[in-house]
Number of protein chains: 2
Amino acid sequence: MSSLLDDLRAIVGEAHVLTGDGEALVAWERDWRKRYRGRALCVVLPGTADEVAAVVRRCAREDGVSIVTQGGNTGLVGGGVPDDSRTQVVLSTKRLRAIRRVDADNQTITVEAGLALQKVQAAAAEAGLLFPLSLAAEGTCTIGGNLATNAGGTQVLRFGNARELCLGLEVVTAQGELWSSLHGLRKDNTGYDLRDLFVGSEGTLGIITAATLRLFPQPRAGVTAWATCRTLAGAVALMRRLRDAFDAELVGYEAMNAASLALVERHFSALRVPLPLADASGQPLWSVLIDLASPHDEHVLRERAEATLMSAIEGGEAVDIAVTRNELQARTLWQLREAIPLAQGVEGLNIKHDVAVPLSSLAGFVAAADAALEAVVPGARHVTFGHLGDGNLHYNLQAAEGNEAASFLASHEDAANACVYDVVARFGGTFSAEHGIGRLRRPEMAARKPAPALAMMRAVKSALDPRGLLNPGVLLPD
Amino acid sequence: MSSLLDDLRAIVGEAHVLTGDGEALVAWERDWRKRYRGRALCVVLPGTADEVAAVVRRCAREDGVSIVTQGGNTGLVGGGVPDDSRTQVVLSTKRLRAIRRVDADNQTITVEAGLALQKVQAAAAEAGLLFPLSLAAEGTCTIGGNLATNAGGTQVLRFGNARELCLGLEVVTAQGELWSSLHGLRKDNTGYDLRDLFVGSEGTLGIITAATLRLFPQPRAGVTAWATCRTLAGAVALMRRLRDAFDAELVGYEAMNAASLALVERHFSALRVPLPLADASGQPLWSVLIDLASPHDEHVLRERAEATLMSAIEGGEAVDIAVTRNELQARTLWQLREAIPLAQGVEGLNIKHDVAVPLSSLAGFVAAADAALEAVVPGARHVTFGHLGDGNLHYNLQAAEGNEAASFLASHEDAANACVYDVVARFGGTFSAEHGIGRLRRPEMAARKPAPALAMMRAVKSALDPRGLLNPGVLLPD
């Protein structure tokens, strides 16, 4: 193996090939949720796309070696860490972080894959424009990882997932060739959509080294509001009322059940939920966070927001509302929403599901899943929240109050997953809305993805990466 | 062959397998622009997706037979008609025209592939919603064809191409298997994006039999305006001002040079251009058509539109403006725009280019292409118009006044194409923005598409259709 390491050092420079035993490489070998801990052959950090291509060509000549591409290592399904075979080269994109071009007239930005999402947002803002992809890990995650996993986040409702924000890619293929479509074109109908094939392929078809992304005007006005609803069906009806009233100005719509916010209140006492979590009779309420952004003047947006929310109370969808007066108040509401997964972590290990169903089935799905789970994991707490506007819920389970979390996870995870995904399937939903497959959801891929889809995916993988060089063990089942 | 025909009749019914010599099948054998005239083995019209699958399986067993899927036969690049070998079965989707479901809460509609685009729009409108794909052939073209070619049209600026409007597909694969993703989910990260691979594949990877499409709220207010600009750069600057002021409310932005509107005035005397085509000194002006749609009240939109356009005059981007007062006036402006290709047809055969470049390069591209062409086809008239908001121009050439059109086309088309596409490439553009490849643009695919992209496309084609059963001779070069 020393000759492979020597050759890699010759390509990227001595300092950019990392090796070592024990905990030396743990930052690259262990995933964010600490569910996977692999052992890498080495970590290599190329500084240019050409170096990436040379690394791929060199690894392709070495029998039994494969490549795991890693961005910020913030993925939630173990798709960016090596297995424990010591035969995998972790290719980190962290040194590919140039902003190649901001084209304000074309409303595009071209950046390298290893740039942190927050830096992409900042570069857009500096040009007076908006890059709307936004998620909790944005300070650490990279745009390359966002694209490789087709990341979602809090503004999908208006702007779409990472895929919809990407106009072109630069990719190193499994053959070590460089392919570029960094043209910044809104329309290009010249053959198959290779771009969207690489987006969401989790490093298994090619290595994204740069991307041209869409930018948008900065909104002139924003209004954030909080509302409570008696039922999830009410929250869906409120969403529909807002969508009809605001169309593209409805940017985000998050729902949270009372249990999820109660956890936040328990573990982050500085944060205060603006409206009661239960009605006068003690019945728990759903809370929703509404984000509106408009090119019109603030008073136009605000008056319409208040009027629409008032009619939602009259119409019975909402119990109570609170409209923020300024940016600081708005940020506080978002902190509440973002604190939920953190509060869950403090409370203890839990069983996470990232599911989506059609909006018209959302309330029915949660009712059916809650009932089905009570038979499988009696007493477990349902921490249900997420991007309701996209039909996407983080439908999580926490051990019953006072029960030990680790043993809860160990004894119930498989049964709970099977139960939830059965109900998801019954309501026409998906077992992975935005987190992807990685290593974690491969069993579900094998069991639940329709056979013709799996066959086509395998055929595509064999066609583009016949040697199985790129991220084997991820996304596709064996 | 009689046994193949018998078997096809057994699958779809006697009445739905058409054969015949001479002109009997000409409606299926000749393309819309009358550039291609093939000879089909037969035309088969399945009534269900299962029948489509059975037809595919039967044809796959017959050596030397292939399948050309056809929707409304309105394509502009010859991708939907058979060659003259008499070995191709034309599979018409025209009997697959059910509206399977309108889900207003989920804002989706599921329709079969052969339904006319206009009928999809109408079904959405009946549910109080909007399906925004809109193009000149909408009364005849089918949604299946729109998806197979990733159709564009007049509202791409706001809503995207057909691909961005599609949430899921039902497809018959080249193996005659039925694959469905008609789930209506906004988010689904479970493996490779097969949907976007079929969208735009021009019938070469599978046969789309149904689709679930996104719907939007009907706008509350609309304003259409006309403006003239001294230069194309001015029209681009005006576009940017409007985008900043209106964001998603800017739905359409079309530009037309003076020559294109002069042809409309010549051949459609009932239509009147609202603003002069030249300034006081006789200098020709560019005209732009602006479409705004808003969820806010009409007076909010109208006041802002008038104020923004007035500042565009003060800022020097626009020379003059005309804002419509009602829907009828707006429709008249759109008729002017839509009459351009018709007027070109009446004027005589012409050389068409459907190109796109980044908006920041648009004015530079047209100046360079005009100059380069003057050396290749001196005196030809430049009929330049299109979806400026998307960077997409129909950059067409008409014979010099009084010259014979057919011989103009015959003697200059190849040289003009090479010249235009060279300049397009220099400005980072594409030789097919929305019309696709079909048979017409295969030489450009061979000559101009980067080798790694072509290699990957061929690999994908071989992976999904190893026998070459589906639409050979289209999209990919030999």
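Mentor: Let us begin with two helices of chain B: helix 9 and helix 11 are roughly perpendicular to each other. This is a predicted model, in which local features need pLDDT of at least 70, side-chain atom pairs count only at pLDDT 80 or more, and totals for chains, interfaces and linings use all residues. Residues are numbered from 1 along each chain as its sequence is written, chains are lettered from A and ligands numbered from 1 in the order in which they are written, and side-chain values use heavy atoms, with hydrogens and water left out.

Trainee: Why are helix 9 of chain B and helix 11 of chain B called roughly perpendicular?

Mentor: The axes of helix 9 (residues 258–267) and helix 11 (residues 327–347) of chain B cross at roughly 75° and come within 8 Å. Angles under 35 degrees count as roughly parallel, over 145 as roughly antiparallel, 65 to 115 as roughly perpendicular and the rest as oblique. The pair in chain B is therefore roughly perpendicular.

Trainee: Which residues of helix 9 of chain B meet helix 11 of chain B?

Mentor: Contact means heavy atoms within 4.5 Å. Among those in helix 9 are Leu261(B) and Val264(B), and the residues they and their neighbours meet in helix 11 include Leu336(B) and Ile340(B). By class, this contact of helix 9 with helix 11 of chain B has eight nonpolar, three polar and two charged residues; Ala, Val, Leu, Ile, Met, Phe, Trp, Tyr, Cys and Pro count as nonpolar, Asp, Glu, Lys and Arg as charged, and the others, Gly among them, as polar.

Trainee: Where are Ala235(A) and Ala127(A) found?

Mentor: Ala235(A) is in helix 8 of chain A, and Ala127(A) is in the loop between helix 4 (117–126) and strand 7 (129–130) of chain A. Leaving aside neighbours within four places in sequence, Ala235(A) is in contact with Cys229(A), Tyr253(A), Val288(A) and Leu388(A).

Trainee: How do you know that Cys141(B) is in no disulfide?

Mentor: A disulfide is a pair of cysteine sulfur atoms within 2.5 Å. For Cys141(B), the nearest cysteine sulfur, that of Cys166(B), is 15 Å away.

Terms used. Axes fitted to C-alpha atoms, helices over the stretch in contact; angles between N-to-C directions. Helix = DSSP H or I, 4+ residues; strand = E, 2+ residues; numbered from the N terminus.
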